Amino acid sequence: MTHTAGEPTLHPLTDRVWAYIQPDGGWMINNMGLIEGEGGATSVDLTSTERRTRDYLAAARAVASPIRRIVLTHSHPDHCNGTSLVPDAEIIAHRNTALDLQQVHPAVGEIFTPFEQGEVHARTPTIVFDSDLTIDPHGRRIEVRHPGGPAHTAGDAYVWLPEERILFTGDLVFHGGTPFVLSGSPAGWLRAIEQMAALDPVTVVPGHGEIGGPELFAPVADYLRFLIAQARDAHERGLSPLEAARALDLGPFAGLAEKERIVGNLHRELAELDGGPLDVAAAWQDMYEYNGRQPLDCHA
Ligand SMILES: [Zn+2]
C-alpha cells in the first residue's frame with residue numbers, strides 16, 4: 001500500500017466536534033477527537049511527538065475553548081506522549097491504562113527508523129475508571145466505555161457521542177493499517193468490535209487512518225479471525241511465531257500497511273494457545289527480522 005502524504009487536518013464532524021486526522025496513519029501517527037462542551041473542550045487522545053502535539057494544540061486552540069480533559073483510549077505512546085504539554089487538563093483513563101503508564105517497557109527505539117521525540121512525556125491519569133464514565137452530561141453527553149476485557153490493550157476505552165452517533169474508537173479500529181494486538185487479545189478485540197457495531201454509529205473515527213462509518217469494523221474483525229485461525233494452525237504444526245509468519249500467505253491482508261505486525265500478533269495468539277508468557281522484546285525483534293532486518297518505517 002502506498003502511503004498518502006499530507007498535512008494533519010481538523011475535520012468538522014458535526015457542530016463543535018472535530019476529528020484530527022494525521023496522514024498517513026502509520027506507526028506513531030494517530031488520530032484525535034476534539035469535542036466542545038460546557039466547561040471546556042475534551043480531547044480524545046493526544047499524539048506522539050512534541051512537534052505533532054504542538055501542531056494539534058494550535059489547531060484546537062483556533063476553533064475550540066481550552067482543553068480541560070483528555071480521554072486516553074489506551075496506553076500506547078503515540079496516543080499519550082503529548083499530555084505533558086497540557087499540564088492542567090484532567091487525564092481520564094481506564095485503570096489498566098493508568099497502571100500500564102507506570103510500567104517501564106523494553107526500549108524498541110532501534111527497531112524503528114529514527115524520529116525526533118522532542119520534550120514530551122505521558123502524564124499519569126488523574127481520573128481512573130473501571131467500566132464506563134459519562135462526562136459533561138449537562139452540556140454534551142460524552143460516554144467513555146471499556147469493552148469489558150483486553151482487546152487492543154488491557155485498558156482500552158472508546159468514546160461515544162450518543163446524540164450525534166459519533167464513535168471515536170482509538171486503536172480498536174485501524175483503517176488501512178494492520179491491526180496490532182501484541183498487548184491485547186484477539187478474541188477480546190472481536191467482542192469489542194461487536195459492542196461498538198451494536199451502537200450503530202454514523203461516523204467512526206479510527207485510531208489510525210481516514211474517517212469512515214460502520215463499514216470500518218468488518219475488515220478489522222476479518223483480520224482478527226484470520227489471525228486466530230493461522231495461530232491455531234501454527235500451534236498444531238509446532239511453529240514459532242516467526243516461522244508461522246514466514247510460512248503464511250497474508251492473502252487479502254497483504255496490502256495493509258505495517259504487515260510485519262502479523263509476527264507480533266502471532267506471538268500474542270500463540271502465547272494464549274500455549275498458556276505461556278508473552279516475550280514482548282522477542283516479538284519486536286521478530287518483527288524486525290520479518291521485515292528483512294530493516295527498521296520499521298516510522299513517520300513520526
Ligand atoms: Zn495502539
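View 1. Take the contacts between residues at least 6 apart in sequence: 68% of them join residues at least 24 apart. Keep in mind that this is a predicted model. Eight helices and twelve strands make up the chain's list of helices and strands. The C-alpha atoms fill a box of roughly 60 × 40 × 35 Å along the principal axes. A compact globule with 300 residues would have a radius of gyration near 19 Å, and the chain has 18 Å, so the two agree. Buried residues account for 48% of the 300 residues.

**View 2. Where domain 1 meets domain 2.** Here the chain is split into domain 1, residues 9–216, and domain 2, residues 224–290. Their C-alpha centres sit 26 Å apart. The contact between them takes 17 residues from domain 1 and 21 residues from domain 2. On the domain 1 side, the touching residues sort into twelve nonpolar, five polar and no charged ones.

**View 3. Helix α5, end to end.** Helix α5 covers residues 217–237, and at 1.5 Å a residue its 21 residues should span 30 Å; the end C-alpha atoms are 31 Å apart, so the helix agrees with that expectation. Look along α5 for its buried residues: Phe217, Val220, Tyr223, Leu224, Leu227, Gln230, Ala231 and Ala234. What covers them includes the strand β11 (166–174). The helices α4 (186–198), α6 (241–247) and α7 (261–274) are also part of that cover. Just past the end of α5 comes Gly238, with a positive phi of about 70 degrees.

**View 4. The largest nonpolar core.** Nonpolar side chains tend to be buried together in soluble globular proteins. In this model, the largest nonpolar core holds 68 residues, and Ile70 and Val159 touch the most other members. Helix α5 turns up again here, giving the largest share of this core with seven residues.

**View 5. Zooming in on Ile70.** Which residues does Ile70 touch, leaving aside those up to four places away in sequence? They are Ser43, Leu46, Thr83, Val86, Ala89, Ile91 and Ile92.

**View 6. A cis peptide bond at Pro23 and Asp24.** The bond joining Pro23 and Asp24 is cis, with omega at about 5 degrees. To find the spot, go to the loop between β2 (17–21) and β3 (32–35), where Asp24 is found.

**View 7. Arg16, an arginine with a positive phi.** Arg16 is not a glycine, yet its phi is positive, at about 65 degrees. You'll find Arg16 in the loop between β1 (9–14) and β2. Arg16 counts as partly exposed because 16 other C-beta atoms lie within 10 Å.

**View 8. Arg293, out past α8.** Another arginine, Arg293, has a positive phi of about 55 degrees although it is not a glycine. Arg293 belongs to the segment after α8 (280–290). Is Arg293 buried or exposed? With 8 C-beta neighbours inside 10 Å, Arg293 counts as exposed.

Terms used:
Residues numbered from 1 in each chain as written. Predicted model: local features only at pLDDT ≥ 70, side-chain atom pairs only at ≥ 80, totals over all residues. Domains from an automatic or database assignment. Contact = placed C-beta atoms within 7 Å. Nonpolar A, V, L, I, M, F, W, Y, C, P; charged D, E, K, R; others polar. Helix = DSSP H or I, 4+ residues; strand = E, 2+ residues; numbered from the N terminus. Rg over C-alpha atoms; globule rule 2.2 N^0.38 Å. Buried ≥ 20, exposed ≤ 12 C-beta atoms within 10 Å, placed from the backbone. Expected span 1.5 Å × (residues − 1). Core = buried A, V, L, I, M, F, W, Y, C linked by C-beta atoms within 7 Å.
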